[in-house]
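Work through the exercises below with the sequence and the structure side by side. Each task is followed by a solution that goes step by step.

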Amino acid sequence: MANAKVIFLLLGIVFLSCSMLGASRRDVGIHRNLLQDADADADAEAEAEAEAAAEAEAGPGEGDVAFIDSSLVAKATSGAVVDAAGVKIFDVMKFGAVADGKKDNVNAFRAAWGAACKNSTTRAKVLIPKGTFLAGPTLFAGPCTSPNPITVEVEGTVIASTDLSEYTSPEWFTFEDIDGLVIQGKGVFNGQGPVNWKFNDCKKTKNCAPLPANLRFDKVNNSMVKEITSLDSMYFHYHVHRCSNLTFTGITITAPDHSPNTDGIHISVSDKVTVTSSTIGTGDDCVSIGHSSINTTVRDVTCGPGHGISIGSLGKRPDEESVDGVTVTNCTFIKTTNGARIKTWIGTKPGEVKNVVYEDLIMEDVKNPIIIDQSYGGKKDRTPSNSVWKISNVHFRKIRGSTISDVAVSLQCSSKNPCQGVEVADVDLILHAPKGNTALVSSCMNAKAIFGGKLNPPACSM
């Protein structure tokens, strides 16, 4: 009778792994046009369309899943090692994973996660050891019944499947509905983006199908990601949505400057997200703080290449809510297109950006060190903006270094909602540009700004 109960429990693990925690393999046959060159306005349109698609509900969809050998699961579970701290370790190799860079290990990954999350009575850790593991779209979903935190430790390199027909939604690795998650290790998530970047069609196709993000966090609370590397994502490196109290520390994000829409960390509909002590280089924003985000902190981050640390873009879609409480401090920008940036569309539904601090920043040959752009996505000859979004209580303080543009401070605000309470203080920049361009200037429109302290460029004429 006891043996029958054990067998029933193990079959339950297999069923949960297959039915709840996996990634499907349904071919979707999405046609993707080749990426074409376009101007900056097309880039803005592409970003907004892609973000809208990417923020749809995550999930693997329906479809067949491969058979998981119940005897293998039983052996792996019963043989799980308990470390000195009392944490039970579920090694994906014991669940059938093969570190050859060829076999798809999604079933082994999800079997290990299922055992750790749903069937461990002690704290649990999923271990991806050293080696190279191929995996298609993978979902680690809660809620977990094991005591938190539950840990995923990555020591090896996980590489994404490049077959786009395997992805029924725009994410590769998804962590969903988990309270108390720790992802740690010196490992790498390699999205193999160079294979598929040419299929990013968001510059020319409305309602485009974005490529998969490397790592998506949806409803992940009271959690931490530390020391992991995200390499060459097909799309966003990290997509944070509907999360609370989530910290990223000591992470590395790497993609070349020509890679499309490879935002380092894109945050939306979240509270208390912190990014600290990290190095981010991408083809888009190093960090982008999207709509409905509150209490966001970015600290001790090196950004470059990339488009800076940005709030927005905001206002493209009518469902977007305000951003409140953003603090960016002690960051360095190296040859980025922007530094401290706030960007809104004209919009149709009013919203706000308020209580923002950019402070103690170093710029190294940054094109636009300080910029508010409330005509984002419009034609370049537009003046003035009539955005329905309101920007207030924004502070740019203690910003120093160099720029390659003579307009080092650009505050282009809305005629309907002039920016209020904008402070520019102790900004000291020098111009690195061809001979003949020697003077730095500030440009302000519809901005009720207060300038103080040492200023180079000088304050706007009010």
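**Exercise 1.** Identify which residues are linked with Asp218 in a network of salt bridges.

Solution. The network of salt bridges joins Glu171, Arg216, Asp218 and Arg242, where a salt bridge is a side-chain nitrogen of Lys or Arg within 4 Å of a carboxyl oxygen of Asp or Glu. This is a predicted model, in which local features need pLDDT of at least 70 and side-chain atom pairs count only at pLDDT 80 or more, while totals for chains, interfaces and linings use all residues. Residues are numbered from 1 along each chain as its sequence is written, and side-chain values use heavy atoms, with hydrogens and water left out. Asp218 belongs to strand β12 (residues 213-226), whereas Arg242 sits in the loop between β14 (238-241) and β15 (244-249), 24 residues apart; strands are DSSP runs of E, at least two residues long, numbered from the N terminus.

**Exercise 2.** Decide whether Asp218 and Arg242 are buried, partly exposed or exposed.

Solution. Buried means under 20% relative accessible area, exposed over 50%, and partly exposed in between (1.4 Å probe, protein chains only). Asp218, at 0%, is therefore buried, and Arg242, at 25%, is partly exposed.

**Exercise 3.** Find the parts of the chain that the salt bridge between Asp285 and Lys343 ties together.

Solution. The closest N and O atoms of Asp285 and Lys343 are 3.0 Å apart. Because Asp285 lies in the loop between β18 (271-281) and β19 (287-289) and Lys343 in strand β23 (residues 338-344), the pair ties together parts 58 residues apart in sequence.

How values were computed: Helix = DSSP H or I, 4+ residues; strand = E, 2+ residues; numbered from the N terminus.
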